[in-house]
Amino acid sequence: MALRVSNLASGYGRLQVLFGVSFEAPSGSVVSILGPNGAGKTTTLLTVMGVVKPWDGVVELEGVDVTWLPPHRKVELGISLVPEGRRLFPEMTVEENLLMGAYTKRARDKIHDSLELVYTLFPRLKERRKQKAGTMSGGEQQMLAVARALMARPKVLLIDEPSAGLAPKVVADLFQTISQLKKEMSVLLVEQNVAAALEISDYSYVLENGRIILKGPASELVENEHVKKAYLGV
Amino acid sequence: MRPYIPLGTYLLLMALAFVFPQYSKLIASIAFFMALGQAVNIFVGLTGYVDFGYVAFLAMGAYGLGVTVYYMTWLGILALPLGLLLGVSLAASLASLVGAIALRLRGAYFAIATIGVNEGVKHLIVGANIWGGGAGLILSSSMFQAFGRDTALFLANVGSTVLILATGLIAVVAMYLIQASKAGFALAAIRQDEDAAKVMGINPTKYKLMAFMTSASLSGLLGAAYFSLGNMQVFPENVFFVEYILDGLAVMFLGGAGTVTGPIIGGLIYFGVRYLVGIYLPGLQALVTALIVFLVVVFMPKGVVGTLRELIPSLRSWLP
């Protein structure tokens with residue numbers, strides 16, 4: 001199992017957000033965590049990454065307990081995050097952003113190889129490689145955010161709300177590319193755009209009020225009454 | 001990158017101080033602003049953090065050399081290198097102590113947390129009555145004894161100026177080395193988006209602390225050269241004078257934060273403006289500092305060097 005999370009609890013200050021969240025992300029698959037605003041989706045990813053300190057629970061990467069490691073150590077071991085809102089380095093060019101993504105020792109050794117890989121996945125970024133990241137369109141910025149995370153050569157890629165603020169056509173293209181990534185790694189996707197996410201997911205979890213309330217293969221969840229009513233609007 | 005302007009300016013001023021010792025103190029006053037801006041720039045310019053307790057590092061340097069010369073006169077001329085070493089170590093230690101705790105905080109919170117450091121250390125020295133307490137250390141007779149009269153006077157006049165200029169020069173080299181290394185990229189990322197930098201595998205605290213300690217060490221050297229060696233005295237009211245950080249910030253912003261040449265050009269302009277104001281509107285220099293910072297931040301946020309580089313891209317390599 002690439003990533004296994006058991007009974008994860010965390011929050012901010014005295015406010016608890018996650019109440020014992022458990023899920024698994026096997027390699028070779030796209031797993032999604034779906035849910036409404038404020039359910040704790042982003043907190044889940046930030047806690048897995050170590051940006052938000054866990055209160056309780058276990059995060060295992062390929063069987064190794066990494067729960068208490070700081071983010072920079074987790075990147076080194078193979079967890080990479082595409083943060084919510086993209087969080088590019090706006091004053092750096094596209095290529096400089098990508099090089100920043102390969103900051104760790106392990107990633108730096110494969111930097112040329114990785115650049116070629118992400119330019120093949122996102123040819124648009126190659127055309128724009130000398131452009132300042134802050135001046136690109138939303139869709140291009142999201143591509144860059146994903147590409148930058150790939151430069152770290154992750155075994156587990158966490159993606160937070162990639163569809164936010166993008167046109168449906170752009171979302172479709174982006175999700176198409178994301179679904180290709182699972183060949184090389186395990187992808188954990190957090191989304192509010194439930195329909196789009198279910199389409200490319202192998203397995204999904206529904207998170208509400210800091211607890212997993214539903215889980216199953218994406219093909220089954222599409223048929224679930226609660227999912228249909230609350231998220232798909234049918 | 002062509003390092004001729006920063007290196008040339010410092011070397012030229014050094015030569016002038018030797019050839020015209022009667023102007024050495026004037027050169028020292030200019031160089032003090034340049035070197036201070038340069039040292040502040042290594043922390044504030046590279047990380048985007050501001051430290052309002054920063055002047056304590058100047059004071060640590062001044063006390064390091066002052067205490068060595070005052071209490072260990074028998075060291076003779078060795079008191080100078082050992083005193084400088086002690087001053088730099090004190091500044092670096094204080095920075096590591098403050099940084100290890102406060103650099104875990106973000107921007108504004110860090111600035112607030114550090115406000116009290118300068119006053120705290122000052123009141124420790126005055127209140128506990130150590131290192132001369134509130135009366136300070138008058139070093140002239142100790143320096144005469146340790147170095148010999150003529151050497152002491154030469155060191156206080158030309159020697160201190162050269163050391164201030166050397167501090168600026170070391171800061172230029174340090175800035176080059178940092179920007180050309182992995183640390184330079186890490187700091188650029190931290191400055192633009194610290195959270196994103198974290199998930200790139202960068203340990204922000206480590207690099208912020210590194211820049212903080214480098215900057216503090218240089219300020220320590222500067223404080224020793226300017227106060228202890230140059231004025232032959234260390235008074236708590238002088239060396240903990242909180243306005244120096246405002247001067248340092250003004251010079252840095254005026255020239256261009258995060259650039260190598262910025263503080264040099266900023267220091268020259270800043271000194272010139274203060275000098276003219278001192279002649280025509282005596283007593284209003286402090287008001288001018290406030291005004292300069294305000295106007296530059298509003299109308300020229302990239303400073304003189306940053307703006308020139310944007311207007312004339314071919315100047316880029318000349319104005320690193």
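The exercises below go from one annotated span to a sheet and then to a chain contact, all in a predicted model.

**Exercise 1.** Find the span of chain A that the UniProt annotation "domain: ABC transporter" covers, and describe it.

*Solution.* Start with the record: the unreviewed UniProt entry puts this annotation on residues 3–234 of chain A.

**Exercise 2.** Work out the strand order of the open four-stranded sheet in chain A, and say what lies across it.

*Solution.* Reading across the sheet gives E2-E1-E4-E5, with antiparallel pairing. The edges are E2 (15–25) and E5 (64–65) of chain A, each of which pairs on one side only. Now zoom in on E1 (residues 3–12) and E4 (residues 56–61) of chain A: this antiparallel pair is joined over five bridges. For one of the partners, pick A:Arg4, whose bridge partner in E4(A) is A:Glu60.

**Exercise 3.** Describe the side of chain A that touches chain B.

*Solution.* Count first: 18 residues of chain A are in contact with 12 residues of chain B. Then sort by element: helices H2 (71–77) and H3 (94–101) of chain A each give two or more residues, and H2(A) gives the most, with four. To finish, sort that side of chain A by residue class: 12 nonpolar, three polar and three charged.

Notes: Residues are numbered from 1 along each chain as its sequence is written. Chains are lettered from A and ligands numbered from 1 in the order in which they are written. This is a predicted model: local features need pLDDT of at least 70, side-chain atom pairs count only at pLDDT 80 or more; totals for chains, interfaces and linings use all residues. UniProt positions are given in the numbering used here, feature names are shortened, and annotations may be inferred rather than shown by experiment. Two strands pair if DSSP finds at least two bridges between them. Two residues are in contact if their C-beta atoms, placed from the backbone, lie within 7 Å. Axes are lines fitted to C-alpha atoms, for helices over the stretch in contact, and angles run from 0 to 180 degrees between N-to-C directions. Ala, Val, Leu, Ile, Met, Phe, Trp, Tyr, Cys and Pro count as nonpolar, Asp, Glu, Lys and Arg as charged, and the others, Gly among them, as polar.
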